[in-house]
Amino acid sequence: MLIASYNRPGMGDVLVTMVNNGSGEQTVTTKQNVTEIKDAQGQLLGYNFQNASQLLPDLEGHRGQVVLTEDQVATLNQAIQEAGFATPLVADLSPKFVVGYVSEMEDHPKSDHLHITKVDLGDETVQIVCGSPNIENHVKVIVAKVGAMMPSGQIIWPGELVGVESDGMICAGRELNLKNAPDKPGCVILPADFGQPGDAFNFEKGNQLF
């Protein structure tokens with residue numbers, strides 16, 4: 001997993017990369033223009049790259065999540081190596097917003113509004129706890145997979161909701177800033193012919209749903 005974000009007006013000329021979710025104490029080490037961030041157990045959480053536009057000129061004018069190409073990751077890894085850090089980044093080009101099919105659904109045993117769903121993503125089936133009032137069994141939905149960055153900046157990590165494992169999020173249209181999406185609770189129920197499970201979600205086509 002590799003999540004990258006760049007927002008020069010908000011954070012300066014810094015590219016933020018994350019490979020793991022971390023909480024608690026962290027170790028931060030800066031060498032040259034590279035900052036390595038690790039958790040208390042020594043697990044790499046990510047790197048920050050100062051003067052990032054000098055490394056990757058294509059970042060100029062970009063705001064928000066950046067999907068790094070293999071060539072861009074290779075450039076960053078060269079900077080990591082030159083700074084004396086050991087762990088390289090690994091490119092991740094897999095789509096993070098995909099079509100999902102709800103193959104199973106049951107009520108959450110400890111909640112009066114949450115549901116435990118099994119969602120077919122083509123090459124895998126994931127468990128997602130969903131509180132959407134209109135979620136149903138045997139429908140197609142939009143799934144933000146683990147590693148997705150929402151338009152709000154929220155990152156989808158593996159987690160739990162009321163004690164039940166949840167690996168991803170079933171999305172509402174307004175959460176994805178889809179055009180004319182209703183401002184009310186409820187996930188997007190996709191038409192039956194809207195792609196196959198695991199297909200990358202087509203945002204252009206999605207803007208025509210409402």
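A: Gladly. Keep in mind that this is a predicted model. We start with a helix.

Q: What span does α3 reach, from its first C-alpha to its last?

A: Helix α3 covers residues 70-83, 14 residues in total. Its end-to-end C-alpha distance is 20 Å, close to the 20 Å expected at 1.5 Å a residue.

Q: Which residues of α3 are buried?

A: First the general idea. An α-helix has 3.6 residues a turn, so residues three or four places apart point the same way. Now the case here. Gln 72, Val 73, Leu 76, Asn 77, Ala 79, Ile 80 and Ala 83 are the buried residues of α3. They lie on the same side of α3, because their arc around the axis is only 160°.

Q: Which residues are exposed on the other side of α3?

A: Glu 70, Asp 71, Gln 81 and Glu 82 are exposed there.

Q: What covers the buried residues of α3?

A: The cover includes the strands β2 (14-18), β3 (26-31), β4 (34-39) and β5 (44-50). It also includes α2 (52-55).

Q: On to cysteines. How many disulfides are there?

A: The test is distance: two cysteine sulfur atoms must be within 2.5 Å. By that rule the count is 0. For Cys 130, the nearest cysteine sulfur belongs to Cys 187, 5.3 Å away. For Cys 171, the nearest is also that of Cys 187, at 9.1 Å.

Q: Is Cys 171 buried or exposed?

A: Cys 171 is buried, with a relative accessible area of 0%. Cys 130 is buried too, at 4%.

Q: How many salt bridges does the whole structure hold?

A: Look for a Lys or Arg side-chain nitrogen within 4 Å of an Asp or Glu carboxyl oxygen. The search finds 6. In one of them, Asp 13 meets Arg 8 at 3.9 Å, N to O. Asp 13 is buried, at 13% relative accessible area, while Arg 8 is partly exposed at 38%.

Q: Which residues are linked in a network of salt bridges?

A: Arg 8, Asp 13 and Glu 60.

Q: How far apart are the closest N and O atoms of Lys 96 and Asp 92?

A: They are 2.8 Å apart, in a salt bridge. Both Lys 96 and Asp 92 are buried.

Q: Where do Glu 124 and Lys 145 sit?

A: This pair forms a salt bridge at 3.6 Å. It links distant parts of the chain, 21 residues apart. Glu 124 is in the loop between β8 (115-120) and β9 (125-130). Lys 145 is in the loop between β10 (140-144) and β11 (159-161). Glu 124 is partly exposed at 34%; Lys 145 counts as buried at 18%.

Note on methods: Residues are numbered from 1 along each chain as its sequence is written. This is a predicted model: local features need pLDDT of at least 70, side-chain atom pairs count only at pLDDT 80 or more; totals for chains, interfaces and linings use all residues. Side-chain values use heavy atoms; hydrogens and water are left out. Helices (H or I, at least four residues) and strands (E, at least two) are DSSP runs, numbered from the N terminus. The expected span of a helix is 1.5 Å times one less than its number of residues. Buried means under 20% relative accessible area, exposed over 50%, partly exposed in between (1.4 Å probe, protein chains only). The arc is that of the directions from the helix axis to the C-beta atoms. Contact means heavy atoms within 4.5 Å.
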